[in-house]
Amino acid sequence: MGIDGKALVLGGGGVTGVAWEIGLLHGLAEHGVDLTDAGLFVGTSAGSSTAAQVLSGVPLADLYEAQLAGPGTEIPARLGLGGLLQYLVAGIWPGDPARGRAWLGRRALRADTVPEAERRAVIARRIGDGGWPATRLLIPAVDATTGAARIFDAAAGVPLIDAVAASCAVPLVWPPVTIDGVRYIDGGIRSIANADLAAGSRQVVVLAPATQSVRPSGRPSAQVAALGPSVRGAVVSPSAAARSAIGTNPLDPARRRPAAEAGRAQAATEAPHLRTLWT
C-alpha cells in the first residue's frame, strides 16, 4: 500500500511514453526518490500501462531492462496528419466537450485497425495478468459512442487488462475496446494526463510524456494548479535531450530503448526538487 496524500499521475504518450516514464522512475529511485510509494496512481493511456507494471511488484530495475530489449511484440504504428486534424476538430468542438469526443469516437469505430483481440494480447504481454493492485489506481477511458468519460478502478469489476487496453485505445490507430457491451477509446481524449483526478491529495507529481491540449484547462500544469494552493505539485515532461531521443513518433516501439535511457538520465536533474516536494 502507498502513502496516503501522495498521488503519482502518469500521462499518455504512446509506447515511448511508457519507456520514458519507467526510465525516469527507475532513475529517480537510484537517486533516492521513490515516487512509487504514492497512495494514489492515476494512469492515462500509456500511463495506465506504466502504472499497472509499476504496481505489479516487478522491480523498477527489471521493468527498465525490459524497455532496453527492443520492440518485442509491440506493434509499430503512426498517427497521420489526417488523424491529427480529426483530433483537433474533436478538441475545439463548441459546447459540451463530450460531443467532440463522441464525434471522434464514431470515426474510431469505423477505422480499419488490427483486431481487438490482437491488441488486447499485446497489452496482456506488456502488463501481465496479476489483477488490480492493492494501491488505489484510477484509469480513465472514453465511451466511443457518447463521449462520456468512465474512470475504472478495482471496484469496477473489470479486468485490469481491459481497463488498460481501453485507456490505450488511440482513436484511428487501435481498435476501441469492448467492456460490458460498451466500446471505449483512449482516456487521453478526456485529457492527456487527467491530473484533476488527483483531487484531495496533498502532494501530486505528474509525469507527462506529452503535454499538448487544445483546451488550456486540459493541460497538466493547469490541472495541477486547479487542485488548490495547499497542494504541493510538480509536472515533469521530457527534457530537450529526451524529446530528441523519443523522436517524432511516440507509437514507434523501436524508440523504446532511447526513450527509457533518456528518462533515466533526466532523473539526475529532476531528483533534487522532487525529493523536496515528495518528502
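Over residues 12-17 the chain is 67% helix and 0% strand, with the end C-alpha atoms 7 Å apart. The model is predicted, so that local features need pLDDT of at least 70 and side-chain atom pairs count only at pLDDT 80 or more, while totals for chains, interfaces and linings use all residues. Residues are numbered from 1 along each chain as its sequence is written, and side-chain values use heavy atoms, with hydrogens and water left out.

Next, turn to the aromatic rings.

Select tryptophan 93 and tryptophan 103. Their ring centres lie 5.7 Å apart and their planes meet at 40°, so the pair is tilted. Tryptophan 93 is partly exposed at 23% relative accessibility, whereas tryptophan 103 is buried at 14% (buried is under 20% relative accessible area, exposed over 50%, partly exposed in between, with a 1.4 Å probe and protein chains only).

Move to phenylalanine 152 and tyrosine 184. With centres 5.4 Å apart and planes at 75°, this pair is edge-to-face. Both phenylalanine 152 and tyrosine 184 are buried.

Finally, select arginine 119 and tryptophan 174. The charged end of arginine 119 sits over the ring of tryptophan 174, 4.2 Å from its centre (NZ of Lys or CZ of Arg within 6 Å of the ring centre and within 35 degrees of the ring normal).

Definitions and conventions: Phe/Tyr/Trp six-rings, centres within 6.5 Å; stacked < 30°, edge-to-face > 60°. Helix = DSSP H or I, 4+ residues; strand = E, 2+ residues; numbered from the N terminus.
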